[in-house]
Amino acid sequence: MTHAATVHSLWATAAAAPDKIPSPDIEYGQLSPTLIVLGAAIVGVLIEAFLPRRQRYAAQLFVSVVALAAAFAAVIGLAAGDYGTSKARVAAMGAIAVDGPALFLQGTILLVALVAVFTFAERRLDPVAHGNRVDSFAAQAAAVPGGDAEKAAVKAGFTTTEVFPLVLFAVGGMLVFPSANDLLTLFVALEVFSLPLYVLCALARRHRMLSQEAAVKYFLLGAFSSAFLLFGIALLYGYAGTVTYAGIADVVDGQVRNVTPALAGTMGNDALLLIGGAMVLMGLLFKIGAVPFHMWTPDVYQGAPTPVTGFMAAATKVAAFGALLRLLYVVLPGLRWDWRPVMWGVAIVTMLGGAIVAVTQTDVKRLLAYSSIAHAGFILAGVIATTPEGISSVLFYLAAYSFVTLGAFAVVTLVRDAGGEATHLSKWAGLGRRSPLVAAVFAVFLLAFAGIPLTSGFAGKFAVFKAAADGGAGALVVIGVISSAIAAFFYIRVIVLMFFSEPRTDGPSVAVPSPLTSSAIAIGVAVTLVLGVAPQYFLDLASQAGVFVR
């Protein structure tokens with residue numbers, strides 16, 4: 001039969017049976033957290049278009065906070081309706097999983113975003129310029145740094161309120177990413193949350209060239225990682241003939257009912273499966289910031305506006321680890337013996353690499369960036385456990401880590417000199433005498449990063465290492481403890497610098513923040529201490545949420 005005849009016969013069949021084309025079946029209630037956030041992002045774009053400039057800031061802040069709170073309430077409602085346990089299911093025609101890990105991670109991302117929005121909205125830190133209060137973002141993003149347009153925008157007191165819808169779009173993508181149940185949804189979600197982050201990284205008010213350089217590096221390396229991910233998706237589709245997670249898992253396990261001749265030809269080709277799986281993993285490990293895909297992390301963390309760095313460091317990790325867990329535990333459990341040794345290697349070099357290079361850093365933001373790389377290694381230890389405890393320990397660690405990170409970067413925004421934020425470590429000397437409260441709060445976050453008992457960092461590390469040891473990765477735990485000891489050295493060094501050094505005469509001042517940043521830091525401290533002193537309730541919550549739907 002010729003091609004034209006085939007097409008004609010298909011049209012004839014479709015015309016003869018008009019009722020056979022299935023209408024899409026979308027469960028709006030179960031997708032409500034994502035839909036609320038994306039809807040609010042679109043409202044934010046309309047606010048930018050139609051409201052006068054004076055009213056935009058208040059309107060954007062209101063819409064963002066209400067939307068994130070409403071989406072979090074929707075997540076709680078779904079969890080209360082047992083969608084995390086007995087009613088876990090696949091929604092949106094197989095594209096999105098609604099299950100325990102998805103809801104737990106979505107709730108974490110929404111809370112992190114809500115606290116991050118407070119730091120985005122902070123307007124008291126810079127000295128008042130031309131009678132206007134300004135924020136951390138460029139007065140006019142499109143203006144050339146140092147050019148006449150930028151000077152005019154600064155003089156007019158413009159502020160960039162577009163950051164709020166950008167954050168909401170990023171959050172919308174992050175909500176879909178860990179709950180994606182097929183590879184194309186995974187890729188679309190990756191792009192939806194990456195593109196706003198590339199833009200946000202370029203918007204710093206001070207050091208604009210550094211900020212734009214960070215954004216270009218992030219964009220180029222992010223494009224590479226997206227390309228690897230997409231090529232891996234193509235290979236996995238070639239192997240299994242489907243992009244759904246369950247479909248690929250069935251082909252891997254050899255449980256396919258109706259094997260077509262075309263599928264039978266590719267199913268035996270393990271090269272497609274192994275190379276495709278490895279490429280998808282590379283795309284996810286890039287987002288996590290694992291060695292050797294970590295090169296963007298320190299540069300981007302240093303150049304991006306600090307509120308953006310805090311949001312990105314916390315929320316991107318949560319979303320990317322959620323997607324990684326789902327890929328390894330739902331799609332490729334049959335390949336465990338192939339991916340575990342590789343992930344062992346990645347976890348070891350990530351823990352040691354992040355900890356050792358962090359010792360040499362002289363900039364606070366770069367130090368926190370390498371610290372985040374080391375933490376990615378610790379979390380990977382829980383991923384490698386391949387047990388239910390592994391999943392729940394990773395979920396708990398992500399929730400604990402994200403608030404410590406947000407709080408630490410919020411403190412960094414407060415220490416300022418004439419050039420903006422004073423991020424060089426030498427300027428932090430004697431901070432404990434100038435501003436004991438700020439230094440003490442930062443010390444709490446550093447101790448949590450170091451994993452000292454009675455902080456959330458200790459509870460998280462203990463859970464992850466225990467799961468890894470029970471899962472037969474005892475050697476990995478030993479290396480993890482050694483890395484933690486190396487990491488503790490540079491955290492303690494900063495504490496010693498703040499409290500036991502003489503303040504410099506030309507040292508920075510500590511800005512008095514508005515209630516917005518104060519509450520962000522307070523929430524960070526509260527979560528750090530509560531999860532450290534009484535972690536059991538939250539560990540139980542994570543273990544209840546630790547079962548993936550298939």
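## Largest pocket

The lining of the largest pocket holds 18 nonpolar residues, six polar and no charged. Here Ala, Val, Leu, Ile, Met, Phe, Trp, Tyr, Cys and Pro count as nonpolar, Asp, Glu, Lys and Arg as charged, and the others, Gly among them, as polar. This is a predicted model: local features need pLDDT of at least 70, side-chain atom pairs count only at pLDDT 80 or more, and totals for chains, interfaces and linings use all residues. Residues are numbered from 1 along each chain as its sequence is written, and side-chain values use heavy atoms, with hydrogens and water left out.

The pocket has a volume of about 650 Å³. On a 1 Å grid over the protein atoms alone, a pocket is an open set of points with protein on both sides within 12 Å along at least five of seven lines; a cavity is a set where a 1.4 Å probe fits but cannot get out; lining residues have an atom within 4 Å of a point. Grid points are joined across faces, edges and corners, and a volume is the space filled by probe spheres set on the points.

In total, 24 residues line the largest pocket, and Phe 72, Ile 76, Phe 104, Phe 538 and Leu 541 lie nearest its centre. Two or more lining residues come from each of helix 3 (53-80), helix 4 (100-120), helix 16 (388-412), helix 21 (515-533) and helix 22 (536-544). Helix 4 gives the most, six residues. Helices (H or I, at least four residues) and strands (E, at least two) are DSSP runs, numbered from the N terminus.

## Helix 16 against helix 21

Helix 16 and helix 21 pack at about 145 degrees, with axes 8 Å apart. Axes are lines fitted to C-alpha atoms, for helices over the stretch in contact, and angles run from 0 to 180 degrees between N-to-C directions. The crossing is left-handed (the near helix is turned anticlockwise from the far one by less than a right angle; clockwise would be right-handed).

Helix 16 contributes residues including Phe 396, Phe 403 and Gly 407, and helix 21 contributes residues including Ile 521, Gly 524 and Leu 531. Contact means heavy atoms within 4.5 Å. By class, the contact has ten nonpolar, four polar and no charged residues.

## Largest cavity

There are four cavities of 30 Å³ or more. The largest cavity has about 60 Å³ of space. Its lining includes His 375, Tyr 397, Phe 449 and Lys 461. Helix 16 supplies the largest share, four residues. Helix 16, helix 18 (436-450) and helix 19 (456-470) each give at least two. The lining divides into six nonpolar, three polar and one charged.

## Helix 8 against helix 12

Helix 8 (residues 208-240) and helix 12 (residues 296-303) pack at about 145 degrees, with axes 8 Å apart. Their crossing is left-handed.

The model has 18 aromatic pairs. Rings of Phe, Tyr and Trp (its six-membered ring) pair if their centres lie within 6.5 Å; planes under 30 degrees apart count as stacked, over 60 as edge-to-face and the rest as tilted. The rings of Tyr 218 and Trp 296 have centres 4.9 Å apart and planes at 10 degrees, so the pair is stacked. Tyr 218 in helix 8 and Trp 296 in helix 12 are 78 residues apart in the chain.

## Backbone details

Val 291 and Pro 292 are joined by a cis peptide bond, with omega about 5 degrees. Pro 292 lies in the loop between helix 11 (270-288) and helix 12. Met 93, a residue other than glycine, has a positive phi near 55 degrees. Met 93 sits in the loop between strand 1 (89-91) and strand 2 (96-98).
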